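Thanks for coming, everyone. Let me put the model on the screen, and then we can walk through it.

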Amino acid sequence: MDQDEHRWRFLAQSVTGASHAAAELPCQDSHAVAVVGEGDAAALVACVADGAGSAPHSDQGSAIACESLLASAQRHYAEAGSFAELDEPTVVAWVAEARQNVARRAEELACDPRDLATTICAAVVGPERAVFFQLGDGAMVVSRQGVHGVVFWPQSGEYANTTNFLTADKFEQKLEFAVAPGRIEELALMTDGLERLALQFDARTPHLPFFAPLFKAIVSDQDEETLAADLATFLRSPAIESRSHDDKTLVLATRN
């Protein structure tokens, strides 16, 4: 959760799903969230990543991807002083650098980069402009003036029950990018372990009863540690696990 002077408050957790816990596998999801910059130009930068279940080192791939994208955003702000001119070619360069960092780790592990395969969902939300990009499944939900929507619908791959990954060839052709002018008031990012609970697939809209109590909790008077523990407990609860045995990541953010 962020400090009040930046006006952003956020909460984020990644938890191991029941299927991975039973197999004694690590959580293959990762996240990174930070407020970048200060004052009127400050922006929330958030990323979630879901390592491929079939990739033996995807937990490392997802962590490297999130860390790399956040570092790229921080470097961009340090050089440009804001995200006002952030564009698609710059984002593609960020993603390419994340791929290179994943490939470098694969060399260290003496394996194929596909063994670190991961999706990415990322947002850079400034005062009056937001940039979103995504490769693979998972989803981002935003609220503006009380209206909620899904930025990109979760991507499907070439075959059933597959998606697109950062390590795939020609990633630029599958990377989705969007700029949203205006002020975003609430933001959620999630990996695919929560899609069936948080999204209405028939209408392609957010399932608001899922989000409303979560966003309300962020602005409560509870301390950071309590809220973080409560979110982890919620994501591991029987009500959630009965619907999804996969790893689950959820980032929630609001601002005044």
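How many bridges join E6 to strand E9, and which way do the two run? Five bridges, and the two strands run antiparallel. E9 covers residues 186–190. Before I go on: this is a predicted model.

Let me stay with E6. It spans residues 139–144, and five of its six residues are buried. Towards E9, look at Ser 143: Glu 186 of E9 stands opposite. E6 also pairs with strand E7, residues 147–150. That pairing has four bridges, again antiparallel. Here Arg 144 stands opposite Val 147 of E7.

Next, the turn. E6 and E7 form a hairpin with two residues between the strands. Gln 145 lies in that loop. Its phi is near 55 degrees, which is positive, and Gln 145 is not a glycine. Is Gln 145 buried or exposed? Exposed, with a relative accessible area of 72%.

Find Arg 204 in the loop between strand E10, 199–200, and strand E11, 205–206. The relative accessibility of Arg 204 is 53%, and the cut-off for exposed is over 50%, so Arg 204 counts as exposed.

Now zoom out to the sheet. In what order do its strands come? E1, E12, E9, E6, E7. Five strands, an open sheet, antiparallel pairing. At the edges stand E7 and strand E1, residues 8–15. Each has a single partner strand, so one side of each has no neighbour in the sheet. On average, neighbouring strands are turned by 10 degrees against each other, ignoring direction.

What packs on this sheet? Helix H5, residues 208–218. H5 touches E1, E6, E7, E9 and strand E12, which is 248–255. The direction of H5 makes about 60 degrees with that of E12. Then there is helix H6, residues 224–235. H6 lies across E1 and E12, and runs at about 40 degrees to E1.

Last stop: a helix pair. Helix H2 is residues 58–80, and helix H3 is residues 88–109. Their axes come within 9 Å and cross at roughly 140 degrees. Why call that oblique rather than roughly antiparallel? Roughly antiparallel needs an angle over 145 degrees, so H2 counts as oblique to H3. The crossing is right-handed.

Who makes the contact? From H2, the residues include Ile 64, Ala 65, Ser 68, Leu 69 and Ser 72. Arg 75 and His 76 of H2 are among them too. From H3, they include Trp 94, Val 95, Glu 97, Ala 98, Asn 101 and Arg 105. By class, the contact residues divide into nine nonpolar, seven polar and three charged.

To recap the sheet: E6 has E9 and E7 as bridged partners, and H5 packs on the sheet. That's my walk-through. Over to you.

How values were computed
Residues numbered from 1 in each chain as written. Predicted model: local features only at pLDDT ≥ 70, side-chain atom pairs only at ≥ 80, totals over all residues. Heavy atoms only, no water. Buried < 20%, exposed > 50% of the residue type's maximum accessible area, 1.4 Å probe, protein only. Pairing = 2+ DSSP bridges. Axes fitted to C-alpha atoms, helices over the stretch in contact; angles between N-to-C directions. Parallel < 35°, antiparallel > 145°, perpendicular 65-115°, else oblique. Left-handed = near helix turned anticlockwise from the far one by under 90°. Contact = heavy atoms within 4.5 Å. Nonpolar A, V, L, I, M, F, W, Y, C, P; charged D, E, K, R; others polar.
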